[in-house]
Amino acid sequence: MNDSMKEAIKALYPPRPTAARRRVRRSSSSNSSRNSYDAASSSSLTSGMTMLSVGGGGGGGTTRAPLRNVRTPSFGASLPKRKANRSRFSELLLNHGEKHIKDWAVTASSSSSSLTNNNNSSNSSFQMKQLEGRLRLCSQSIVFEPRHSSRGIIRIPFRYMAECPSVEENSTVTLRSERCVIMKTNNVIAPYEHVQLTIDFRFTLVHSSPQMMISLLQEIFHAESSTAKSSNNSSI
């Protein structure tokens, strides 16, 4: 075959591009697309910075415009608040099997003709004058919980009351006890202090009428007194 015939065949059937040529073509096309994407990103960033900057005076300086609707995180707002004046009372302070029935907001006062001059913690707890707190009616006693934790919780068992508590005209419940128990003074768990003195207590209800309280109290007092008498007769 002469040279003229070979040139004629190459003109009719041109050779296909090799694999190396195809890779070069693909890499050049990907580089061009990446460059176009980078150029678009830089242009959008430049336009955004231009919108945030405002031309200044003759010096050619720029001042940033204030950003609006930007919320700053408030770390203290998400913290839970501690409950103030948390109750110190628990049924664990009562006798075994004794239950708490109901409680009322009261102001308490006390007086005694046989007070000693000792300034111990028990005396300072049961000496009260218009002291605010909660009066709790239980199945075997009355418990007064002062609002201030420095004062001890006073528990007055029914068996140490000479007579049933009564109500005065100004919504005040009065009772006399020959013995009471002081607990959790300064909110400290310690051995109970038993005060063997004749003390007159006065509890004035703040937000409610004493009729419901005195009816429940008299019913429980008489039931407890009859139970105590029956237990004494059986022991004899």
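A salt bridge is a side-chain nitrogen of Lys or Arg within 4 Å of a carboxyl oxygen of Asp or Glu. By this rule, the side chains of Arg136 and Glu145 form a salt bridge, at 3.0 Å from N to O. The structure is a predicted model, in which local features need pLDDT of at least 70 and side-chain atom pairs count only at pLDDT 80 or more, while totals for chains, interfaces and linings use all residues. Residues are numbered from 1 along each chain as its sequence is written, and side-chain values use heavy atoms, with hydrogens and water left out.

**The sheet**

Helices (H or I, at least four residues) and strands (E, at least two) are DSSP runs, numbered from the N terminus. Two strands pair if DSSP finds at least two bridges between them. Strands of a sheet pair through backbone hydrogen bonds, either parallel or antiparallel. Here, nine strands make an open sheet with antiparallel pairing, in the order β7-β8-β11-β3-β4-β5-β6-β9-β10. The edges are β7 (166-167) and β10 (193-195); each has a single partner strand, so one side of each is left without a neighbour in the sheet. Within the sheet, β4 (residues 131-138) and β5 (residues 141-146) are joined by five bridges in the antiparallel sense. Arg134 stands opposite Glu145 in β5.

**Salt bridges**

Seven salt bridges are found in the whole structure.

| Pair | Distance |
|---|---|
| Arg134 and Asp103 | 2.4 Å |
| Arg136 and Glu145 | 3.0 Å |
| Arg202 and Glu168 | 3.0 Å |

Arg134 in strand β4 and Asp103 in strand β3 are 31 residues apart, and their pair links distant parts of the chain. Arg202 in strand β11 and Glu168 in the loop between β7 and β8 are also a link between distant parts, 34 residues apart. Asp103, Arg134, Arg136 and Glu145 belong to a network of salt bridges.

Arg136 is buried, at 9%, and Glu145 is buried, at 6%. Arg134 is partly exposed at 32%, and Asp103 is partly exposed at 24%. In the remaining pair of the table, Arg202 is partly exposed at 35% and Glu168 is partly exposed at 32%.

**Nonpolar cores**

A nonpolar core is a set of buried Ala, Val, Leu, Ile, Met, Phe, Trp, Tyr and Cys residues joined through side-chain atoms within 4.5 Å. The largest one has 28 residues, and those with the most contacts inside it include Ile142, Phe144, Cys180 and Phe203. Elements that give two or more residues to this core include β3 (100-111), β8 (172-177), β11 (199-205) and α4 (211-235). Of these, α4 gives the most, with five residues. Apart from this core lies another, of eight residues, among them Leu94, Cys138, Val143 and Ile153.

**A loop residue**

Ser149 is located in the loop between β5 and β6. Its relative accessibility is 37%, so Ser149 counts as partly exposed. Contact means heavy atoms within 4.5 Å. Leaving aside neighbours within four places in sequence, Ser149 is in contact with Arg88, Lys184, Thr185, Asn186 and Asn187. The C-alpha atoms of Ser149 and Arg86 are 9.6 Å apart, and the two residues are separated by 63 residues along the chain.

Technical notes: Buried means under 20% relative accessible area, exposed over 50%, partly exposed in between (1.4 Å probe, protein chains only).
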